[in-house]
Amino acid sequence: MGSKASTLLREEEIEEIKKETGFSHSQITRLYSRFTSLDKGENGTLSREDFQRIPELAINPLGDRIINAFFPEGEDQVNFRGFMRILAHFRPIEDNEKKSVAVSEPLNSRTNKLLFAFRLYDLDRDDKISREELLQVLRMMVGVNISDDQLGSIADRTIQEADTNGDNSISFNEFIKVLEKVDVEQKMSIRFLH
Amino acid sequence: MTSGTGPRGRPGAGRGLPERGLLLLLVLVLLEGSVVFPLGAASSPDVDPRGHSEDRAVAEESQNYSKKAFPVLSLDYHHIHVPFEIALWVLLASLMKLGFHLIPRLSSIVPESCLLIVVGLLVGGFIKLAGEKVPPVLDSQSFFLCLLPPIILDAGYFLPIRPFMENLGTILMFAVVGTLWNAFFVGGLLYAVCQIQPGNPSDLHNLELLPCLLFASIISAVDPVAVLAVFEEIHINELLHILVFGESLLNDAVTVVLYHLFEEYSGAGTVTILDGVLGVISFLVVALGGVLVGAIYGFLAAFTSRFTSHVRVIEPLFVFVYSYMAYLSAEMFHLSGIMALIACGAVMRPYVEANISHKSHTTIKYFLKMWSSVSETLIFIFLGVATVDGPHSWNWTFVTVTVLLCLVSRVIGVIGLTFVINKFRIVKLTTKDQFIVAYGGLRGAIAFSLGFLLEEKHFPMRDMFLTAIITVIFFTVFVQGMTIKPLVELLAVKKKQEAKRTINEEIHTQFLDHLLTGIEDICGHYGHHHWKDKLNRINKKYVKKCLIADERGREPQLIAFYHKMEMKQAIELVESGGGFKPPSALPSTVSMQNIQPKKPAAAKPVQRALPQLPKGREEEIRTILRSNLQRTRQRLRSYNRHTLVADPYEEGFSDFIIKKQKIIELEKKIIHMNNLTLPAAPPDSPTLCRARLASGTETDFKPAQQQKGKQSSPDPQAYRPKRDSVPTIQVDLASPQSPDSVNLMDEFRANGSRREEEEDQGLTMRPRGEDGRREQLTRCLSDPGPSADEDEDEPFLP
């Protein structure tokens, strides 16, 4: 499984990933080839350096956070299963899935998509986006030209708008509520070609 | 803002005195019109020969000059008759628009376009009854050169770029493939029907295939004017609106190519494969060429606007003239003028809006809306007039088959295309969506004008064509236009979201954009987000530097959005409550975000919150105040018209607030010194001063002149202690870079002990920063980013 020779994906693994994430066979193989092309060390897992080698990611304001999202708590390597699990969040929601009453919600449901985005804000995992966390994200997106106070007032206003229970931070439910008018299904979906 | 109810909210007011006057005026204008036109029509054909004869007469007269009585008052209609008639038509159209709102029930059932056509029919009828020749009002010269461009420019300038680009693939499919399908299906089947038509062999059997195809290509294009007119009133959701509207705009290229192709070759009688290939190439040239011409003019306009900071008054002119020239240049090369106009407007908008002043922006917006609305009205009226006038040749078979085929082909086309498109879309189009798209395929005046352009000698069937075109137009506008609104309600189609975009949505949307771009890069998938991001980057790095004057382009979209929001709130505050009434009387419109009702710890009288100031300190304060005040004033004056509060109303407002605050602060201090009691003051007098005094920080806002305080204060400047909990509105008019746009909330949170200040803070104004650094100028309110401006999506016509 970890040796250099067996970098091929086995059928049963593909089946498992298919069940877990809902990707189709061809999508999984395609993403696997992408995974291997990123994996310079050829050990079946990706490290942070592998991600950082992607040039466009370096200029993305949220690049680091996105990379961190792939790595589970405390670990430094992510295998293909983990890679696919994260990417599954961005699969478009299909019509038949909307109506299916699955035991556990599929990874690409609206709530799970939003949860993924929420976790990118909420670094300390306390289920709340505090003012500091919001400020950090704003600072990353806006650049260096804007003063702290300016950003501070924007952050405050953002929290005021969203905060319904008065705890001066945005909880996940408040986050969902604020984005209810935004078409999250379209915004957070990538069309992985068949 | 609750000002949107308009005349429809007045049920019984239709018969008041002013309205009767308006109706009387309408009738007068109509009568005058129908009298004047015969006069004008009778005289206009004679102008030229008469001109010659007049010359000769003058020549003769100069030879044998006989003295007549000097004419004190004379009538010379020919001199002015052309502009007079044009003005009369415009006046008629505008009065009609006013008139419709007098009958609110009618205008809610019947869309305006239908009413206008009926008016046109009436006017045409009047003129015909008067026995005179109807002026050829919808001749293609005036239509394509004068009436159509304003509407298209308005559409293109305010086109919501983001949804348009996101759905561009779908729109192109509908526009190109859909129109082609329509044209060939209708043309082919029409020809077949005509051939097998039994009975009268004379008329229809002579109809060749190519004229049929030409006719079909004219009739198959969805018309942007009609779509705009009808869809504006049904407030449908953004996706459907942009799909149908985008299709109507982009199919112009197809129509142009098909029209010219078939017109050229219907004389020859056959079309070869080579012609077909040339047609395809021609299509690409027409479409892309049109867009290119438009983009070039757009960049020129953007570049020009960079230098207009000294002559603000002609800024709107550049926008209009460059756009019109783009249209004319495209028409000159037989490229698609509509696409050129759209491209020009869409390209120039973000840069021009970053450069021009707020007033110019308002001017452009209102002029465009005014022209396009008048144009649209005129077009529909003229359609009615031309119907009465036009040479008609009714042929039951032809007309009914045409109408039927148009409907059928549209439905089949939409269903078929959606089936293919849905394979590539993330958000699929539902059956309801498909129905609306199919039902919204209205034909309009462009089809008629194109038919009008046909020459009689090449197309002996021209009259029949025109009749059929008019019937289809009437059918779609009347039947489909009238029933689409109830159908939308019936099918519970998603409506347009009226709420403004919140700052949360703005931030999170940008966040999601970055996130998706990152994920796409990780997957190696060069999708939508990737290219958009690349384009944005190039835009920021190279293009903006070139086209936007100095620092204005650097402001991130988020900050601009935030400022715009704050400014809107400030304006709303003023408009709603005058800003100086007791806060409890403030209407709920202001109580949106940013208002935190704070319960006072107790209803304290004023004096207790103020510390005692020794006399020496008072002097010190006054000198500091005076010098500070001057600096503040200078800073305000150094903003010229391009900066934040360009509106004189707003300028006055902020000045007034500042002055008022200062005066109140000063008064408080003076009272305190002299132990006077002041009469009650409006409770919203910002206790920012009080807060700052209490918290010990030096207030930046200092009273203007001490003299004012010593006078007996007039009422508005009197001071009343507050009793109830007061909503707090923070209005941040500071520049984006102001370092002391200190959030008063923060101050309070920081100084937790000073709870007494929580009572109320009326309008807190942040002073400009006092560092030497040059403040970044905030240019006009409109967003440099094309997508975040919700304002322009509002239907302007009530």
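Colleague: In chain B, what share of the contacts between residues at least 6 apart in sequence join residues at least 24 apart?

Modeller: The share is 86% in chain B, where contact means heavy atoms within 4.5 Å. This is a predicted model, in which local features need pLDDT of at least 70 and side-chain atom pairs count only at pLDDT 80 or more, while totals for chains, interfaces and linings use all residues. Residues are numbered from 1 along each chain as its sequence is written, chains are lettered from A and ligands numbered from 1 in the order in which they are written, and side-chain values use heavy atoms, with hydrogens and water left out.

Colleague: And what is the share in chain A for residues 24 or more positions apart?

Modeller: Such residues account for 56% of the contacts in chain A with a separation of 6 or more.

Colleague: How many helices and strands does the secondary structure of chain B have?

Modeller: Chain B has 29 helices and 2 strands, counted as DSSP runs numbered from the N terminus (helices are H or I with at least four residues, strands are E with at least two). For chain A the count comes to 12 helices and 4 strands.

Colleague: What makes Asn422(B) count as buried?

Modeller: Buried means under 20% relative accessible area, exposed means over 50%, and partly exposed lies in between (1.4 Å probe, protein chains only). Asn422(B) has a relative accessible area of 16%, and therefore it is buried. This residue is found in the loop between α17 (396–421) and α18 (431–439) of chain B, and, leaving aside neighbours within four places in sequence, Asn422(B) is in contact with Lys428(B) and Leu429(B).

Colleague: Why is Arg462(B) called buried?

Modeller: Its relative accessible area is 12%, so Arg462(B) is buried. Arg462(B) has its place in helix α20 (residues 462–491) of chain B. Not counting residues up to four places away in sequence, Arg462(B) touches Gly451(B), Phe452(B), Leu454(B), Glu455(B) and Glu456(B).

Colleague: What does the side chain of Arg462(B) reach?

Modeller: The side chain of Arg462(B) reaches the backbone oxygen of Leu454(B) at 2.8 Å. A polar contact is a pair of N or O atoms within 3.5 Å, and within protein one must be able to donate a hydrogen and the other to accept it, while residues adjacent in sequence count only if both atoms are side-chain atoms.

Colleague: How do you know that Arg81(A) forms a salt bridge with Glu16(A)?

Modeller: A salt bridge is a side-chain nitrogen of Lys or Arg within 4 Å of a carboxyl oxygen of Asp or Glu. The closest N and O atoms of Arg81(A) and Glu16(A) are 2.8 Å apart, so the pair meets the rule. The pair links distant parts of the chain, 65 residues apart, with Arg81(A) in helix α6 (residues 80–87) and Glu16(A) in helix α1 (residues 11–21) of chain A.

Colleague: Why is Arg81(A) called partly exposed?

Modeller: Arg81(A) has a relative accessible area of 22%, and therefore it is partly exposed. Glu16(A), at 38%, is partly exposed as well.

Colleague: What makes Glu20(A) and Arg81(A) a salt bridge?

Modeller: Their closest N and O atoms are 3.5 Å apart, so this pair is also within the 4 Å limit.

Colleague: How many residues of chain A are in contact with chain B?

Modeller: 58 residues of chain A are in contact with 57 residues of chain B.
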